[in-house]
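Student: Please take one part of this protein and go through it closely. I would like to know what surrounds the annotated positions and how the neighbouring elements pack.

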Amino acid sequence: MEGVIDAHARDLLTRRPGFDWAVTEFVRVVDARLPPKVFLRHCPELETGVVTPAGVPVALQLLGSDPEALAANAEQARDLGARAIDLNFGCPAKLVNRHDGGASLLRDPRRVQAAVAAVHNAVGDSIPVTAKVRLGFSDRRLALACAQAAADGGATQLVVHARTRDEGYRPPAHWEWIGRIRRHIQIPVVANGDIWSLEDYWKARTLSGCRDVMLGRGALADPLLAPRIRHWLSTGERLPDTQWQERAAILAEYAALQRSTLPERIVTSLVKQWLNHMRYRNDEAERRFQAVKRINDLEGLLEGLLAGLGHAPQKPGLTPPGAPAGTLCHV
Ligand SMILES: Cc1cc2nc3c(=O)[nH]c(=O)nc-3n(C[C@H](O)[C@H](O)[C@H](O)COP(=O)(O)O)c2cc1C
């Protein structure tokens, strides 16, 4: 997720079994072939086998509208070691759409197909090309046609965020529409949008008929949501709610990782940004957010997050990869 989930966040979110794969923030492609440093900035995992430290594979996402430029940059990414290219046709941002990227291509399925086909032709069968769409731009009339276009272009998997671009992030997500798309096309479809809990997960799976889901904001709000789903799938047991101590440990570790490369001022705002996501349906995160929102130094912020915990919180455990399939996701 652009500006929110970078390699450090992917590292933290994938330390416990839950995610089968992750996706980078989008690399914006305009016309030129971008230099390697841009790809390495978005996907430092290129230097370590394109997996997170726990071994979860990372797909590299491109966003653009010019087929030739997308193809040239996909080749560049592949040459740098990318193991999967994901194409973003879902971004609703006005600036991106004004420059004819993201969800704006959903107004014309031929353009979706041309972009996917160009990338697929460029990388051949050496690495998979996947796509991410919404249900449409202003309405859902082209939902099936765009999904079909991505499949016809050579996408091996389609993630569907169950809203149109104009619906932004407003609930509800129309999971039943993902089911219509799933029944219409021959490639695997992954359900995305508004999965915040185990109950949402099951409802999204039931209404879409999809075996796999992608988590976005829900994984930030509760960093143990994917492990909770995975645990429930493999044992039938519900794990208890994620305690503040565990959330604080993740935020503290996130600060420590970011601090190694970024100025404290930026780290402070990144930690607050994640805390802001944690407030959703969590009273303690809300209380802590209100207590620290005007603190501008990192030490003070961390003190506010850890206050009253008695002792230093445990670091999130690093668990070996190789968990059973079932859920998945996007980070
Ligand atoms: C701040 C923010 C940044 C995002 N950046 C990306 C991105 O770079 N690539 C992408 O495919 N989706 C991106 N998304 C969309 C999410 O991946 C996801 O499709 C959407 O938020 C709906 O799922 P959710 O309800 O689980 O969050 C972003 C969403 C948000 C809120």
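**Strand 6 and the annotated site**

Tutor: T164 is buried, with a relative accessible area of 2%. The model is a predicted one, and T164 lies in strand 6, residues 158–164. Beyond its neighbours within four places in sequence, T164 is in contact with R134, L135, G136, F137, S138, D139 and R140.

Strand 5 spans residues 129–136 and includes K132. K132 is one of the positions under the UniProt annotation "binding site", which comes from an unreviewed entry and also covers Q61, N192, G193, D194, G216 and R217. Is K132 buried or exposed? K132 has a relative accessible area of 15%, and because buried means under 20%, K132 counts as buried. With residues up to four places away in sequence left out, K132 touches Q61, D86, L87, N88, F89, G90, V159, H161, N192 and M214.

Residues up to four places away in sequence aside, R217 touches M1, R163, Y169, D194, W196 and H277.

Helix 8 covers residues 198–208, and its buried residues are L198, D200, Y201, A204, R205 and S208. Viewed down the axis of helix 8, these buried residues fall within an arc of 165 degrees, so they line one face of the helix. What do the buried residues of helix 8 pack against? Their partners are helix 7 (175–184), strand 7 (189–192), strand 8 (212–214) and helix 10 (225–235). After helix 8 comes G209, with a positive phi near 75 degrees.

As for the chain as a whole, it is divided into domain 1, 20–214, and domain 2, 244–306. The centres of domain 1 and domain 2, taken over C-alpha atoms, are separated by 30 Å.

Terms used:
Residues are numbered from 1 along each chain as its sequence is written. This is a predicted model: local features need pLDDT of at least 70, side-chain atom pairs count only at pLDDT 80 or more; totals for chains, interfaces and linings use all residues. Side-chain values use heavy atoms; hydrogens and water are left out. UniProt positions are given in the numbering used here, feature names are shortened, and annotations may be inferred rather than shown by experiment. Helices (H or I, at least four residues) and strands (E, at least two) are DSSP runs, numbered from the N terminus. Buried means under 20% relative accessible area, exposed over 50%, partly exposed in between (1.4 Å probe, protein chains only). Contact means heavy atoms within 4.5 Å. The arc is that of the directions from the helix axis to the C-beta atoms. Domain bounds come from an automatic or database domain assignment.
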